[in-house]
Each structure stands twice: as structure tokens, then as C-alpha cells.
Amino acid sequence: MTAKQGSFRFCGWYDGHSEVYSIHLGDIEGAENVPVRVHSSCITAHYFSSTECDCRDQLEITQDEIAKRGIGIIIVLNQQAKDNGILATLHYKSVAGEVSYSATAYQMMGYPADSRSYLSAAFILKELGVKSVELLSNSHDKRKQLQDAGIAVVDRKSVVVENRPDLVAHYNGKRDVEGHDL
Ligand SMILES: [Zn+2]
């Protein structure tokens, strides 16, 4: 696949539940400290350029970083709204004036705060043959889940969008509710 950052290998997978996509660059088989982004789908940001979250920016930042380093993997999981589904996103919009952060809203509406699993990402990383990874993520939970699934995560680097005052409430929620490193 040719992107504005360069040419990537584009792969499709099926995890028994849904389709999963990945792109990668460089000689990753047997490689150590491979930069890896495990990214969840976000229809509002990726399809409609919503500015209410940082999903689109995070994906671009990590794709730029991988292109710059000449090696890396991005895995996109079909886990909309923390895997609560697109209807949870729509419900969230209905209470968005009361709470500023999605995980809190999901709980108010009876959904789990976060239903995501990274087992299929771990499977793909094993299939691609990487020895160890540097996770490009703010999430300690993502790192822990991947490690628990047998992936050697030697480092984690935060991905924070700069100069976006409109994201302050979003980031406060991620830090306070989910313990993200921002
Ligand atoms: Zn988003």
C-alpha cells in the first residue's frame, strides 16, 4: 500500500470475531524493539474527521514515526467505542453534556468502561515474527495485556497530540479514569 508516508505492507487477518488489519514497514521478522501501534477503530475520527478525540492524530503521528524509523507495525482492531460498539458512541453523544469522558459515560449507560482485548494483536505480532516491541501508546493496560499474552514489550512511548487545547477534557479523562501516561 502506498501512503503519503511511503510504502507499507498491508495485511488482513480474521480473529474468529472480526477482521483485523495491519500495515508494516521494514525487516520485522526476528527484529527487536520494533515500534508497534495497536490502534482501535474510531469511525467518527477516521471517517468524519471528528475533533472530539485524538484517534486520527495518534494514527498519523505513529505512521509518520514508523516511516521515519524505517521499521514498525500498526495493527487496527475493530473495537469501536472501547469495543462497546457504534451504538455506545451514539448513546455517549446523548449524555456528552453531563460527562466529558467516554469511559465514564459508558459506565453511566450500563456498558463496561472498556471491553477491549488485545489477544488478536498479540497473535499477529507472533505471526509476523517480531522478537520484541516498543509500544507506541499511552496505555499501561495495553502494555500489560500484550505482555500477559506473551509479547516482549521492552519499552512504551507515549503518543500525545500537542497544541490541541480542545483535547484537555479528553486527556484529563484518559489520565484520571484510565491511568494513561500523558
Ligand atoms: Zn476516537
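This is a predicted model: local features need pLDDT of at least 70, side-chain atom pairs count only at pLDDT 80 or more; totals for chains, interfaces and linings use all residues.
**Exercise 1. Find where confidence is lowest and where it is highest in the protein chain.**

Solution. Confidence is lowest in α8, at a mean of 78. It is highest in β7, at 98. The score is pLDDT, the predictor's confidence in each residue, from 0 to 100. Residues are numbered from 1 along each chain as its sequence is written.

**Exercise 2. Describe the overall build of the protein chain: its helices and strands, its span and its radius of gyration.**

Solution. Start with the elements. The protein chain has eight helices and eight strands. These are DSSP runs, numbered from the N terminus: helices are H or I with at least four residues, strands are E with at least two.

Now the span. Along its principal axes the C-alpha trace covers about 50 × 35 × 25 Å.

Then test the radius of gyration. It is taken over C-alpha atoms, and the globule rule is 2.2 Å times the number of residues to the power 0.38. For 182 residues, a compact globule would have a value near 16 Å; the protein chain has 16 Å, which agrees.

Finish with contacts. Two residues are in contact if their C-beta atoms, placed from the backbone, lie within 7 Å. Among contacts between residues at least 6 apart in sequence, 64% join residues at least 24 apart.

**Exercise 3. Locate the largest nonpolar core and say which elements give two or more residues to it.**

Solution. A residue is buried if 20 or more other C-beta atoms lie within 10 Å of its own, exposed if 12 or fewer, and partly exposed in between, with C-beta atoms placed from the backbone. By this count, 29% of the 182 residues are buried. A nonpolar core is a set of buried Ala, Val, Leu, Ile, Met, Phe, Trp, Tyr and Cys residues joined through C-beta atoms within 7 Å.

Second, find the centre of contacts. The largest core has 23 residues, and those with the most contacts inside it are Val 36, Ile 75, Ala 121, Leu 125 and Val 133.

Third, name the elements. β4 (19-25), β5 (34-40), β6 (72-77), α6 (119-128) and β7 (133-136) each give two or more residues. The largest share, four residues, comes from β6.

Fourth, look at one member. Leaving aside neighbours within four places in sequence, Ile 75 is in contact with Val 20, Ser 22, Val 38, His 39, Ala 121 and Ile 124. Apart from this core lies another, of eight residues, including Ala 81, Ala 88, Tyr 106 and Tyr 111.

**Exercise 4. Decide how the buried residues of α2 and α6 are placed around each helix.**

Solution. Take α2 (residues 55-69). Its 15 residues reach 21 Å from first C-alpha to last, close to the 21 Å expected at 1.5 Å a residue. The expected span is 1.5 Å times one less than the number of residues. Gln 58, Thr 62, Gln 63 and Ile 66 are buried in α2. Seen down the axis, the buried residues fall within an arc of 130°, so they line one face of α2. The arc is that of the directions from the helix axis to the C-beta atoms. Their cover includes β1 (2-3), β4, β5, β6 and β7.

Now α6. Its buried residues are Ser 120, Ala 121, Ile 124 and Leu 125.

An α-helix has 3.6 residues a turn, so residues three or four places apart point the same way.

**Exercise 5. Examine the positive phi values of Asn 33 and Asn 163.**

Solution. Most residues other than glycine have a negative phi. Asn 33 has a phi near 55°, a positive value. Asn 33 sits in the loop between β4 and β5. It is partly exposed, with 15 other C-beta atoms within 10 Å.

For Asn 163, phi is also near 55°. Its loop lies between β8 (153-157) and α8 (168-178). Asn 163 has 5 C-beta neighbours inside 10 Å, so it counts as exposed.
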